[in-house]
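Subject: Structure handover

Hi,

Here is the structure I promised to pass on. My notes on what turned up follow below it.

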Amino acid sequence: MKKWISIISMSLLFLAGCGTNGQKDQQAEDVLPEIIEANLDVPEKAEVGEEVLLAVTVTQGEKAVEDANEVKFEIWKEGQKDSSKLVEAKHTEKGKYEATYAFEENGLFNVQSHVTARDMHTMPTKQIQVGDVGAEEHEHHEEGGEEHHHHDSDVSIHLQKPDQIKANEQTALAVHLQKGSEPILKANVRLEIFQKGSNPAWVNMTEGTNGEYQTDYAFPASGDYIIRVHVENDEGLHEHTEVEVTVE
């Protein structure tokens with residue numbers, strides 16, 4: 001009898017241990033990875049026609065990110081965002097990505113680095129004064145106007161998705177928003193989902209907790225899709241990023 005009691009007790013302890021390990025494994029899966037950070041380095045001033053170095057250093061936690069999927073610099077004259085130019089950056093060393101660019105005219109220019117790495121996107125912005133900038137242009141920048149665009153330099157957008165996505169099955173998608181180390185709350189977040197050459201589907205996301213926004217979506221067919229995340233709020237924030245996904 002004692003022998004059977006011992007066997008049963010050991011079995012219960014084993015099952016309890018398995019249950020605890022399962023909970024720990026699930027908790028580990030639920031922990032989000034550290035966000036990527038991008039330190040943009042742009043000179044404050046430049047001359048027309050002068051080739052300047054644009055650089056961004058990408059890190060995750062204390063480690064340099066050497067395997068970013070894409071790093072580009074978007075450059076536009078103040079008030080002319082629709083005429084922006086994209087310059088591709090190359091990895092040099094220790095998480096640093098660089099490109100050179102020569103500005104063709106005087107004015108205030110914005111340089112925004114678009115960094116996509118490890119299913120995350122961040123896009124800090126800095127400004128550079130090129131050549132002679134008139135007082136009128138300075139005033140327009142300081143006071144704002146119809147053509148002024150708001151850009152936050154430390155907004156991080158992280159799209160969380162399953163590793164495998166299958167067509168015609170509901171897929172859980174989540175977007176995590178941070179400004180610096182703080183979550184962005186009460187934002188209007190929409191997904192623009194499309195295949196190249198097709199009309200997009202627009203999906204509104206529901207706010208959860210701590211800057212997380214969620215939705216479910218069933219991709220209508222297999223293939224490569226672009227998910228463009230649009231983020232706006234009442235404080236003038238208007239950012240977007242896009243991620244490519246493959247649907248089986």
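A word on terms before the notes: contact, or touching, means heavy atoms within 4.5 Å. This is a predicted model, in which local features need pLDDT of at least 70 and side-chain atom pairs count only at pLDDT 80 or more, while totals for chains, interfaces and linings use all residues. Residues are numbered from 1 along each chain as its sequence is written, and side-chain values use heavy atoms, leaving out hydrogens and water.

**The cores**

Leaving aside residues up to four places away in sequence, Ile 75 touches Leu 54, Ser 84, Lys 85, Val 87, Tyr 101, Phe 103, Phe 109, Asn 110 and Val 111. Ile 75 is also among the residues with the most contacts inside the largest nonpolar core, which has 27 residues. A nonpolar core here is a set of buried Ala, Val, Leu, Ile, Met, Phe, Trp, Tyr and Cys residues joined through side-chain atoms within 4.5 Å; buried means under 20% relative accessible area, exposed over 50%, and partly exposed in between (1.4 Å probe, protein chains only). At least two residues of this core come from each of β1 (36–41), β3 (51–60), β5, β8, β9 (107–117) and β11 (125–130). Strands are DSSP runs (E, at least two residues), numbered from the N terminus. Another core, of 26 residues, lies apart from it and includes Leu 191, Val 243, Val 245 and Val 247.

**Aromatic pairs**

The whole structure holds 4 aromatic pairs. One of them joins Tyr 101 and Phe 103 edge-to-face, at 4.9 Å centre to centre and 80° between the planes. Rings of Phe, Tyr and Trp (its six-membered ring) pair if their centres lie within 6.5 Å, with planes under 30 degrees apart counted as stacked, over 60 as edge-to-face and the rest as tilted. Tyr 101 is buried at 14% relative accessible area, and Phe 103 is buried at 1%. Ring pairs also bring in Phe 109, giving a cluster of Tyr 101, Phe 103 and Phe 109.

**A buried glutamate**

Glu 74 lies in strand β5 (residues 70–77). Why does Glu 74 count as buried? Because its relative accessibility is 9%. Its side chain makes a polar contact of 2.8 Å with that of Ser 84. Such a contact is a pair of N or O atoms within 3.5 Å; within protein, one must be able to donate a hydrogen and the other to accept it, and residues adjacent in sequence count only if both atoms are side-chain atoms.

Best wishes

Key: Helices (H or I, at least four residues) and strands (E, at least two) are DSSP runs, numbered from the N terminus.
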